[in-house]
Amino acid sequence: MPRTTDGDGTPVPQRLLAAATRLFAEQGYDRTSVQEIVEAAGVTKGALYHYFGSKDDLLHEVYARVLRVQQERLDAFANADEPIEKRLRGAAADVVVTTIENLDDASIFFRSMHHLSPEKNKQVRAERRRYHERFRALVEEGQEAGVFSKATPADLVVDYHFGSVHHLSTWYRPDGPMGPQEVADHLADLLLRALRP
């Protein structure tokens, strides 16, 4: 079991990520020091460097943990024994819900991605490309089967949907008129309407 330094049993890496996420959201990545992160997490700098090589690694992990969940869920939708329309709609709605559920992480990342080292930036781009390619494969599967229109190239359809997803952090508010699932349903329906033959 991972070592903890407080009574609530939360592992040190999760405490560091929670503190970093909160501070990056409040102050910005570039205005948050390693000292502030370790103080907020209640650990030493040595503990931070035991689990993460740098503040850059923390930023990377803020986004990577969300992308890992989304990739696992997308793979489950893609591999399900369901009609392609149902699988694509499920995947399209799920990425909206999981993004909203992790809105701080996503907005921090998109605001701060340029702070990543070239190596980490390349790694993140490869992870995102893998996700987008898997999503695009669902669109292409439906197009090849004649279920979806080929009038709009699959790449453009995917960019359209993910443009909407990446824009969520600029307008979505938890206390707003629509909940995560309602927004997800609307965006997934828009996607499917765009693909109608």
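Author: The discussion below sets values against definitions.
This is a predicted model, in which local features need pLDDT of at least 70 and side-chain atom pairs count only at pLDDT 80 or more, while totals for chains, interfaces and linings use all residues. Residues are numbered from 1 along each chain as its sequence is written, and side-chain values use heavy atoms, with hydrogens and water left out.

Reader: Why is Asp 105 counted as buried?

Author: Buried means under 20% relative accessible area, exposed over 50%, and partly exposed in between (1.4 Å probe, protein chains only). Asp 105 has 7% relative accessibility, and therefore counts as buried. Asp 105 is placed in helix α6 (residues 103-112).

Reader: What makes the pair of Phe 24 and Tyr 29 edge-to-face?

Author: Rings of Phe, Tyr and Trp (its six-membered ring) pair if their centres lie within 6.5 Å; planes under 30 degrees apart count as stacked, over 60 as edge-to-face and the rest as tilted. The ring centres of Phe 24 and Tyr 29 are 5.1 Å apart and the planes stand at 65°, so the pair is edge-to-face.

Reader: Why is the pair of Trp 171 and Tyr 172 called edge-to-face?

Author: Their ring centres lie 6.0 Å apart with the planes at 75°, so this pair is edge-to-face.

Reader: Are Trp 171 and Tyr 172 buried or partly exposed?

Author: Trp 171 has 39% relative accessibility and therefore counts as partly exposed. Tyr 172, with a relative accessible area of 4%, is buried.

Key: Helices (H or I, at least four residues) and strands (E, at least two) are DSSP runs, numbered from the N terminus.
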